[in-house]
Amino acid sequence: MADVIDGKKVAEDVVGKVKALTTALTGTKPGLAVVIVGEDPASHVYVASKSKMAKECGFKSVQHSLPENTTQEELLALVAELNADSTLHGILLQLPLPKHLKSEPVLQSILPEKDVDGLHVVNAGKLAIGDLETGLISCTPAGSMILVERVRGKDLSGLNAVVIGRSNLFGKPMGQLLLAANATVTMAHSRTGDLPAICRTADILVAAVGRPEMVKGDWVKPGATVIDVGINRIPAPEKGEGKTRLVGDVAYAEAAAVAGAITPVPGGVGPMTIAMLMANTVISAYLAAGLDRPSF
Ligand code: NAP
């Protein structure tokens, strides 16, 4: 039976380090601005938890909640204002935006050094050329990588990694991080042929697809490290009428019987994302103060 990778515990360690780094920073404190547009209830829950965590870390925490009918120009003007505010080190734009707004121009208007989501082309480009020191790295892959390191160490030489999913938010940066750690990386996606056979080559199997329990137990190489990034809500009639539960992209019980280590859903990758948002904000504050980049 696989070891369960406790993402909640690792996230607590990261947040503990963020708090210590914040206390040690003299003359300034990390500042995080979270921007949300519209009334999507799930997005409001995410934003509230990010703002709360930022306060717990000792940050200056600012939240801008804009109405649904905000224009592209108004949103860009707010980002320009936040870019110019030297007390803010991180700007997070909660996605998705309402349909009439284009997210990409807004994301690209955030100063790269304040882009704590790691979505600016400058930060994506730094990661692509193997510069892990001067840019900011997308939170979910950065957090997933820490979980991989806890099991396999920092040097993945000789290990095969398969990432299912090639999104800019997760799959591509995850592939780059694994490559930078010397793994031999295969990027799989919806057009990949014989996905189960490719997955069976993986010493490290990372699933970020958005399809409930797609990765079956017999796709997993015995002893593999399985990182399940998916968060899918499915009906759970066994809990009562209309009830739901969260599952990942991996069929957990089957995979856990074969894997060496596996992340549960919930409680695996999920808690790491918000912890790495705090880590990126404190990294940005240290770099802005001319100090050495803290490592996590
Ligand atoms: P996305 O942008 O929708 O990308 C999904 C990827 O999966 C695409 O590259 C797609 O391939 C691939 N795919 C779809 N169907 C497939 C199939 N049948 N076989 C193989 N590949 C397939 O999603 P994302 O933003 O990367 O997120 C993926 C999942 O991670 C979602 O469940 C999301 O909720 C979750 N997530 C969790 C966190 C967290 O904090 N834990 C953060 C971010 C995302 P194509 O490119 O060919 O279409």
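## Ligand contacts

In this predicted model, the side chain of Arg 211 places an N or O atom 3.0 Å from a nitrogen atom of the ligand. Two further side chains reach ligand oxygen. Arg 166 has a polar side-chain atom 2.8 Å from an oxygen atom of the ligand. For Thr 273, a polar side-chain atom also lies 2.8 Å from a ligand oxygen atom. On its own, the ligand has 920 Å² of accessible area, and the protein covers 70% of that.

## The surrounding shell

The ligand is surrounded by 22 residues. Arg 166, Ser 167, Ser 190, Arg 211 and Thr 273 are the closest. By class, the shell holds ten nonpolar residues, ten polar and two charged.

Strands of a sheet pair through backbone hydrogen bonds, either parallel or antiparallel. Here, three strands form an open sheet in the order β3-β2-β4, and the pairing is parallel. The edges are β3 (60-66) and β4 (90-93). Each has a single partner strand, so one side of each is left without a neighbour in the sheet. On average, neighbouring strands are turned by 15° against each other, direction ignored.

Strand β2 covers residues 31-37 and runs parallel to β4. Four bridges join β2 and β4. Opposite Val 35 stands Leu 93 of β4.

## The helix across the sheet

Helix α3 spans residues 72-84. This helix lies across β2, β3 and β4. Its direction is at about 175° to β2.

How values were computed
Residues numbered from 1 in each chain as written. Predicted model: local features only at pLDDT ≥ 70, side-chain atom pairs only at ≥ 80, totals over all residues. Heavy atoms only, no water. Near = heavy atom within 4 Å. Polar contact = N/O pair within 3.5 Å; in protein donor to acceptor, adjacent residues only side chain to side chain. Areas by Shrake-Rupley, 256 points an atom, 1.4 Å probe, with all protein chains shown as cover. Nonpolar A, V, L, I, M, F, W, Y, C, P; charged D, E, K, R; others polar. Pairing = 2+ DSSP bridges. Helix = DSSP H or I, 4+ residues; strand = E, 2+ residues; numbered from the N terminus. Axes fitted to C-alpha atoms, helices over the stretch in contact; angles between N-to-C directions. Contact = heavy atoms within 4.5 Å.
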